[in-house]
Amino acid sequence: MTIKIGVIGTGAIGREHIDRIENILSGGEVKAVTDVNQESAYKAVKDYNLDATVYPDDVALVGDPNIDAVFVTSWGPAHEQSVLLAIEAGKYVFCEKPLATSAEGCMRIVDAEQKQGKRLVQVGFMRRYDEGYVQLKEALDNNEIGDPLMIHCSHRNPGVDENYKTNMAVTETLIHEIDALHWLIDDNYESVRVDFPRKTKHSHAELQDPQVFTLKTQGGVLIHAEVFVNCKYGYDIQCEVMGEEGIAKLPEVASVVVRKESKLSSNILNDWKIRFMDAYNKELQNFLDSVEKYGEPQGPTSWDGYIAAVTADACLQAQETGEEVDIKLQDTPDFYKKQVAVRN
Ligand code: NAP
């Protein structure tokens, strides 16, 4: 069966996902698109040679009886409405982060999905599909280093533009660590504090850079997560878990090692899209395959979207107050306890 997809939001990531579905992955076909910028929707149809209807808005697109699944790739504040519409229509949803811009919005989605009685939603936390993270998770699940005690991780970008402000270190950058780390160690967050080291001269007036987030988990694991978005040297994701019996570290991206002129060197990537290209492909293929095979997506859930929203809110509050802020999550509903994120 080919899953017929409607895409809401034909900006940067919407176009990339359309390209994936049409040219790289199997089992899906884009049959409808919409965007507040209608020209952009028509352009996507033309550029990707789609046999698809352009709808004026998400209400009309979701109402198309031929659409099986909706991809929500518009800007964050529009996600909640589109996801709720799709759930109410009983359609599958792949939603880019954030699931909603508030914890309350995520809860509305969680409630609506439970009312439908089966999983419909997958959130676009693609790190869970990155080969390095999959290996790291396997090492932890296989108890290779014993119980985790501490995590040191870094999210470094070579540079960002003037629109990137201090809070975006949480909403655009750390958000991926927030999802990946609780999944890695199967634990929930308890509190967060933020420290601001000396600001790099490469930042601008409205961006404190770098920042270090100290997260504590309910199980007592201490996490140091550095966000440094003007690091200059490359796009670099690091993650090291210290356990009772040893250390497990995210593998470096494969790159040839050159010995030349008294130097030993290898390249570091510059672009997040290239770093996680394979992960994006795998997450969407997994979504399509799971819907086809099991009638439910199996990747990150609406509840994971809720956890990310609550944690991000606490991180923002910690940035503003300089205090350690509690992360108060509601109890996980049984509906989501039975969900196991399939990684490949
Ligand atoms: P973008 O290039 O600005 O694209 C967003 C598109 O949605 C634009 O065409 C925008 O139109 C449109 N839009 C805004 N409001 C809409 C609405 N109410 N209904 C329909 N379309 C609407 O942004 P992007 O980089 O593609 O990001 C889109 C989403 O994906 C964001 O939530 C972002 O956080 C997420 N994302 C995730 C990852 C990841 O690693 N998982 C990576 C990149 C982006 P206008 O241009 O006219 O406003």
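Predicted model: local features only at pLDDT ≥ 70, side-chain atom pairs only at ≥ 80, totals over all residues.
Helix 4, spanning residues 79-88, and helix 5, spanning residues 103-116, have axes that come within 10 Å and cross at roughly 5°. Angles under 35 degrees count as roughly parallel, and helix 4 is therefore roughly parallel to helix 5. By class, five nonpolar, two polar and four charged residues make up the contact of helix 4 with helix 5. On the helix 4 side, the residues in contact are Glu80, Val83, Leu84, Ile87 and Glu88; helix 5 contributes Gly105, Arg108, Ile109, Ala112, Glu113 and Gln116.

The second pair consists of helix 7 (residues 168-185) and helix 10 (residues 302-321), whose axes lie 9 Å apart and whose packing angle is about 130°. Helix 7 and helix 10 are therefore oblique to each other, and their crossing is right-handed. From helix 7, Ala169, Val170, Thr171, Leu174, Ile175, Ile178, Asp179 and His182 take part. These residues meet Asp304, Ile307, Ala308, Thr311, Ala312, Cys315, Leu316 and Gln319 of helix 10. The contact of helix 7 with helix 10 comprises 10 nonpolar, four polar and two charged residues.

The ligand is surrounded by 23 residues, of which Ile13, Asp35, Trp75, Glu96 and Tyr280 are the closest. Lysine 97 contributes through its backbone, with a polar backbone atom 2.9 Å from an oxygen atom of the ligand.

Note on methods:
Residues numbered from 1 in each chain as written. Heavy atoms only, no water. Axes fitted to C-alpha atoms, helices over the stretch in contact; angles between N-to-C directions. Helix = DSSP H or I, 4+ residues; strand = E, 2+ residues; numbered from the N terminus. Parallel < 35°, antiparallel > 145°, perpendicular 65-115°, else oblique. Contact = heavy atoms within 4.5 Å. Nonpolar A, V, L, I, M, F, W, Y, C, P; charged D, E, K, R; others polar. Left-handed = near helix turned anticlockwise from the far one by under 90°. Near = heavy atom within 4 Å. Polar contact = N/O pair within 3.5 Å; in protein donor to acceptor, adjacent residues only side chain to side chain.
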